[in-house]
Amino acid sequence: MSRAEAATPFDGKAFVKNLSTAPGVYRMIAGDDSVLYVGKAGVLKNRVSSYFNATPKSARIMTMLAQTARMEVTVTRTETEALILENELIKALKPRYNVLLRDDKSYPYVLMTQEAWPRIAMHRGPRAIPGRYFGPYASVGAVRDSLNLMHKLFKLRSCEDSVFRNRSRPCLQHQIGRCSAPCVGMVQARDYAESVRRAGLFLEGRSDELSDDLVKSMEAASVRLDFEEAARLRDLVASIRSVQARQYVDGRAADLDVLAIAMQGVAACVLLLAFRDGRNLGTRAFFPRTNGSDNPEEVLAAFVSQYYGEQQPPREIVLDRDIPDRELIEQALSSAGERKVQIRCNVRGERAGYLDMAKRNAELSLAGERTSHAAQRARAEALRDMLGMHELPGRIECFDISHTMGEATVASCVVFDAEGPVRGQYRRYNISGIEPGDDYAAMHQAIERRFRRAVEEGGVTPDILLIDGGAGQVAQARAALNELGVEGVALVGVSKGPARRPGDEELLLPDGRSVHPGAESPALQLVQQVRDEAHRFAITGHRGRRQKARNTSRLEDIAGIGPRRRASLLRHFGGLGGLKAAGVEEIARVDGINDALAERIYATLHGLDTPDMNDAKSGARSEG
């Protein structure tokens, strides 16, 4: 970091603008690159923004914020994964402002003792007590939920031996149906041993048979209209799935680097996820200069060669794609490090989970980099020069239309200023009264509605108005502006090239010229950023309107999900809430659900863009 960068105060509010709402881990870093604090969040944007709002802070927090020069985030798929990763990073980095608990070096386990009448309980620390240890679990809460469920199902004792040996009558746990009271001989040893065996199967993850029985009981309770019992059983099924969920940040990989690359045009981000000695060291984002290359394989190969030419490589490097000269690079790294180095690109199981995490963080890091203040100003200056404007554009708006074969047409309007997106001023317009699929009429209506209000109420108008579409959409937008008498707005059309590749866009300028700036043009990069945001906002609005119109389960919006699979998913997870809390790998375990379908289900339930949605939108457009 340069002295100038170190002297510049960290703009927390600007950083928060570009954060994801996904769960994850954030790190506050000082000017000397030391880590000040590591924290986790169920919603990164909400948690991090709380540091920079007007709420009074403690002296410790204010001191920490004053020393923060930058922040980094790592997105995870669930909050549980974020918790485990936070624990790993705290142990590895020992941040200055984290509270270090005495038991922060170990995760909680479930202990089933090795006795004539085994008890089941939570355990931390050394495994000095004879018995079986199940775990580690992500949190004490997860262990307690598991124990609570097993006490209800199997009625195993939880009391200490000193209490167990001196009981003369059943305790309260037996009276409320959570213990079979072996202390006073109210259960046969054979029956108790069978309960212990079943509890062991459950804790080993072999709980499918148990879940099926619970689902059948739940359905039977619903048939006889015993909805309270059905709800209780539904919650039990959801608890089982939650406890058995696999985590992908538990540090079981001993010596491993995971690399994923994200590219937008010629801008690239390589995300490194590192494991050493079984510890997850977190993520680090690199932004290599591509010198005009838009080939991700080529950029990643150059990064691997140069980075590990200066750094000691681990025994295994996992890549999100194959690279040129992979075997040659592998041999060179092995020779330089005097140990075997393996570079892999096709992986399964845990490593596939690590790759998924790295890919998502690479995409988010690249998006954040593109919206940084300095880069934003440079792109704005380039766009100003291209359009022949005298001053930097203070406000840019972009309109886009989204529908599926003419159904539930929605127009989006996004707003950017000198700092980036102004999300509080985004607007959506539900389009009606037109022929289904008529993008021209939809654009005319959206522009007319937005600027009529500005004319009548004296509202603000943009310096630049981007239209996602070709000459037809631009003509409709111009006609709407002329009808309202709106002047002083630079109207620019953004049309994809024949191959529809990023960087091939054609811009229709206000003076009637048509230009192809090319992928390296900062002006086009700003246009792409605004256009992509309008595209995302339009699709999200269209999906919501379509869902409301159909008034059905969101599962039915997914290609490949019929009544049978829908019922199977809801039974497996105990309802839509349990399904939404599951990860892609858990969903794929359901019979009849493959990996691709599981990814579509996860994306739909979490409001993410899916390939089939983008294809449907693109195919429905008349132009651009």
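A salt bridge here is a side-chain nitrogen of Lys or Arg within 4 Å of a carboxyl oxygen of Asp or Glu. The model is predicted.

**View 1. Asp-356 and Arg-77 form a salt bridge.** The side chains meet with an N to O distance of 3.7 Å. How accessible is Arg-77, buried or exposed? Arg-77 counts as buried, because its relative accessibility is 8% and the cut-off for buried is under 20%. Asp-356 is partly exposed, with a relative accessible area of 29%.

**View 2. Arg-326 and Asp-322 meet in a salt bridge.** The N to O distance is 2.8 Å. Arg-326 has a relative accessibility of 23% and so counts as partly exposed. Asp-322 is partly exposed too. Its relative accessible area is 38%.

**View 3. Arg-377 pairs with Glu-381 within helix α15.** The closest N and O atoms of this salt bridge are 3.3 Å apart. Helix α15 spans residues 373–387. Arg-377 is partly exposed, at 45% relative accessible area. Glu-381 also counts as partly exposed, at 28% relative accessibility. Elsewhere, salt bridges that share partners join Arg-27, Asp-33, Arg-70 and Glu-72 into one network.

**View 4. Met-62 is placed in helix α4.** The helix covers residues 59–67. Met-62 has a relative accessible area of 45%, so this residue is partly exposed. How far is Met-62 from Tyr-51 in space? The C-alpha to C-alpha distance is 9.0 Å. In sequence, Met-62 and Tyr-51 are 11 residues apart.

**View 5. Salt bridges across the whole structure.** A search of the whole structure finds 27 salt bridges. Among them is the pair of Asp-356 and Arg-77, at 3.7 Å. Another is Arg-326 with Asp-322, at 2.8 Å. The pair of Arg-377 and Glu-381 is a further one, at 3.3 Å.

Conventions
Residues are numbered from 1 along each chain as its sequence is written. This is a predicted model: local features need pLDDT of at least 70, side-chain atom pairs count only at pLDDT 80 or more; totals for chains, interfaces and linings use all residues. Side-chain values use heavy atoms; hydrogens and water are left out. Helices (H or I, at least four residues) and strands (E, at least two) are DSSP runs, numbered from the N terminus. Buried means under 20% relative accessible area, exposed over 50%, partly exposed in between (1.4 Å probe, protein chains only).
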